[in-house]
Structure formats: structure tokens, C-alpha cells
Amino acid sequence: AKVLQELIKFHQNDADPSALIDVDLKRLKFVKSSAILDLKDSLYLVALQGLEKKFEKFPASTEVSYAIATHYTAKGNLYNPLKSEENKWMNKKAIAKCDEAIKAFPSAFGAKNCQSLKSQLLQKSVTMTFEEGNAPNKPFRSLIDYKNFSTIHFRILNMTYESYKKLIRKEYGDDLIKQLVKEPVLKEWSQTLVDDADYQQHAAEVKFPELPLGFYVVLASDNKTFGLKDQVI
């Protein structure tokens with residue numbers, strides 16, 4: 001910590017505050033990691049906000065903006081909807097902070113880091129969980145875990161177990177998807193999902209139509225075209 005303090009004094013009067021900001025960010029991270037106060041997170045954020053404000057006219061301030069956005073994201077990762085609404089909107093705050101930095105100094109190093117973080121937070125994901133067996137000729141449900149989806153499109157493929165096994169032995173990844181979307185479609189529909197733009201993971205039960213006894217492959221996508229540029233599982 002003493003070395004960091006000496007470096008801050010050394011760079012105190014630099015015309016370009018980049019080095020000073022870099023050292024001060026390291027100092028604040030060190031203080032935060034060493035502190036035992038219950039308020040250390042909020043004190044750390046206040047210190048970052050003060051540093052950002054002090055150097056807001058310089059491109060290097062975007063590195064402080066990135067540190068603030070990263071702090072918000074870490075908080076957002078703690079969100080647990082089964083316990084409370086605490087931290088629910090932290091990812092949204094992180095994106096807003098990233099947008100500020102990108103708008104102010106789009107070519108700055110910190111702004112580029114902000115763009116990368118924003119892309120991660122905006123990334124779509126979806127997984128489906130089915131029971132191992134469902135009663136034939138009766139509707140059934142699947143648990144859908146999703147992020148950044150407002151509508152999900154489903155296809156039930158008319159494939160045999162043998163043809164599916166043969167296909168997955170040859171293909172995987174994008175090549176597998178490319179082949180699956182060519183298969184005959186037995187049923188196809190869309191489902192609206194709750195998406196309140198909090199950029200968090202959500203879960204919902206989705207009703208599937210009745211099917212006769214057999215083997216089925218289900219595809220899900222954020223686009224009814226099921227193109228490779230879309231999110232397809």
C-alpha cells in the first residue's frame with residue numbers, strides 16, 4: 001500500500017492522468033480487499049465515483065467507468081430471485097455505465113473494455129429441461145432457463161432415434177444445428193416469455209403439445225428462422 005501511495009504522489013501532477021488513475025484504481029482495489037468493514041463495497045463505489053468525476057474530461061476516466069460497471073456486474077451476479085429483489089437491476093446499471101463511457105470516449109481503452117462487458121451482459125442463453133419420460137398423447141411441460149429472451153420459438157422434429165444418433169456421431173456445434181434445421185418439422189410454435197430487461201437469468205415452465213409415443217428432437221431459438229446467427233439449442 002505504501003508503494004502505491006508513493007506512486008500516486010509521483011504522478012500527482014502529470015498532464016495526462018492515465019498513470020495516476022491506474023495506480024489509484026489499484027489502491028482502491030487493495031483497500032477493498034483488505035477492509036473488514038460491512039460498508040466496504042459502498043465505500044469502494046463512492047471512491048470510484050469520485051475518481052471518475054474528478055477526471056471525467058480525460059479518456060482514461062473510462063477505466064474508472066469500467067471498474068464501476070464491473071462492480072455493478074459482480075453485484076448483479078449475487079441476485080437470487082428466490083430470496084429477494086436485491087441486486088436485480090445491477091446488470092442494467094452496468095450497461096448504462098458502459099454506455100456512458102463508450103459515448104464519451106469510444107476509442108479509449110476503458111471504453112473498449114466496457115463494450116466487451118456490455119456484449120457479455122447482452123448475450124442470450126436458453127436451456128431446456130425435460131423429464132426423462134412423458135405420458136403419450138398428453139401435454140407436458142419443460143423448464144426453460146433463459147436470459148435476454150422475450151419470445152422463444154420451438155420446433156419438434158420428425159426424426160427417428162436411429163437417424164438422430166447417426167447424425168450426432170458425424171456432426172457437432174454449428175454443423176449439427178445446420179443439419180437439424182433441415183429435418184422435417186412435426187410441430188412448430190412460439191412462446192412469449194417474461195423479460196423485464198434486467199439482463200438476468202430467468203426460469204419458466206412452458207407447455208408442450210401432446211405427442212404420440214415415440215422419440216422426438218426439440219429445437220429452441222430466439223428467431224423463427226432458426227438461422228446460425230440466431231441462438232439455437
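**Notebook: salt bridges, cores and helix packing**

I began with the charged pairs and found that the structure holds twelve salt bridges; I count one when a side-chain nitrogen of Lys or Arg lies within 4 Å of a carboxyl oxygen of Asp or Glu. A note on what I am looking at: this is a predicted model, where local features need pLDDT of at least 70, side-chain atom pairs count only at pLDDT 80 or more, and totals for chains, interfaces and linings use all residues. Residues are numbered from 1 along each chain as its sequence is written, and side-chain values use heavy atoms, with hydrogens and water left out.

**Entry 1: the charged pairs**

I looked up D41 and found its side chain in a salt bridge with that of K32, at 3.8 Å from N to O. For exposure I use relative accessible area: under 20% is buried, over 50% is exposed, and anything in between is partly exposed (1.4 Å probe, protein chains only). D41 is partly exposed at 25%, and K32 is partly exposed at 26%. I also noted that K32, D41 and K75 are linked in a network of salt bridges.

Next I checked E56, which forms a salt bridge with K53, with the closest N and O atoms 3.4 Å apart. Here E56 is partly exposed at 40%, while K53 counts as exposed at 55%.

Then I turned to R155 and E188, whose side chains meet in a salt bridge at 2.9 Å, N to O. This pair links distant parts of the chain, 33 residues apart: R155 sits in strand β3 (residues 151-157) and E188 in strand β4 (residues 185-192). Helices (H or I, at least four residues) and strands (E, at least two) are DSSP runs, numbered from the N terminus. R155 is buried, with a relative accessible area of 11%, whereas E188 is partly exposed at 46%.

**Entry 2: the nonpolar cores**

I take a nonpolar core to be a set of buried Ala, Val, Leu, Ile, Met, Phe, Trp, Tyr and Cys residues joined through side-chain atoms within 4.5 Å. The largest one has 25 residues, and I21, L25, L48, L51, V64, I68 and Y72 touch the most other members. The elements giving two or more residues to this core are α2 (18-34), α3 (40-54), α4 (61-76), α5 (90-104) and α6 (109-122). Which helix gives the most? It is α5, with six residues. Apart from this core lies another, of 16 residues, among them I156, W189, V206 and A220.

**Entry 3: how α4 packs**

I looked at α3 and α4 and found them packed at an angle of about 155°, with their axes 9 Å apart. Axes are lines fitted to C-alpha atoms, for helices over the stretch in contact, and angles run from 0 to 180 degrees between N-to-C directions. The angle makes α3 roughly antiparallel to α4, a label for angles over 145 degrees, with under 35 counting as roughly parallel. Contact means heavy atoms within 4.5 Å, and among the residues making it are D41, Y44 and L48 of α3 and V64, I68 and K75 of α4.

I then checked α2 against α4: their axes come within 9 Å and cross at roughly 25°. That makes α2 roughly parallel to α4. I21, L25 and K32 of α2 make the contact with S61, E63, V64, A67 and H71 of α4.

Note on methods
Parallel < 35°, antiparallel > 145°, perpendicular 65-115°, else oblique.
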